[in-house]
Amino acid sequence: MKRAHLLQCKKVIINNKKSNIKVTVNNTTMKYGVKPYTKGKEVMVPVEETAKALGAKVTWDKKSKTTWLKLDLMNIEIRVGKKEIYIHRDADFTGIPEKVKLSTAVVMSKDTVMVPAIKLFESIGMDVTWDS
């Protein structure tokens with residue numbers, strides 16, 4: 001998928017028909033090395049591939065098991081095993097990140113960090129459509 005700037009990416013469609021999950025960003029279907037899957041009511045997607053497709057810079061802190069995404073004026077903190085992600089906004093001078101609660105914990109699968117897709121996309125301001 002061609003890298004896009006967040007301001008251009010506003011529409012996401014998650015299709016879960018017949019257990020064949022497809023994630024579409026601005027009419028372009030994502031291609032993942034590790035396939036998205038459902039966990040409970042959530043669709044789990046690979047963080048790194050998703051973030052890079054949105055134009056984010058991705059860093060991994062092995063010691064703390066934390067993925068950091070730098071996207072526009074945000075730094076997004078995603079820690080394996082946690083049921084929340086944190087959005088650090090450059091324009092927020094309080095220094096207190098926004099806590100986004102997840103119904104399912106962030107997990108490591110096949111050496112890939114997987115995160116609930118809908119909450120991730122919504123937390124960065126994207127419109128999400130669930131088509132099941």
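Accessible areas here come from the Shrake-Rupley method with a 1.4 Å probe, and for residues only the protein chains shown count as cover. On that basis, the accessible surface of the protein comes to about 7,800 Å², and carbon and sulfur atoms hold 51% of this surface. The model is a predicted one, in which local features need pLDDT of at least 70 and side-chain atom pairs count only at pLDDT 80 or more, while totals for chains, interfaces and linings use all residues. Residues are numbered from 1 along each chain as its sequence is written, and side-chain values use heavy atoms, with hydrogens and water left out.

The protein has 2 helices and 13 strands, taken as DSSP runs numbered from the N terminus (helices are H or I of at least four residues, strands E of at least two). Among its 132 residues, 42% are buried, a term that means under 20% relative accessible area with a 1.4 Å probe, protein chains only. Of the contacts (heavy atoms within 4.5 Å) with a separation of 6 or more, 45% link residues 24 or more positions apart.

E5 pairs (at least two DSSP bridges) with E4, residues 37–39, through 3 antiparallel bridges. Tyr37 has Met44 as its bridge partner.

Technical notes:
Buried < 20%, exposed > 50% of the residue type's maximum accessible area, 1.4 Å probe, protein only.
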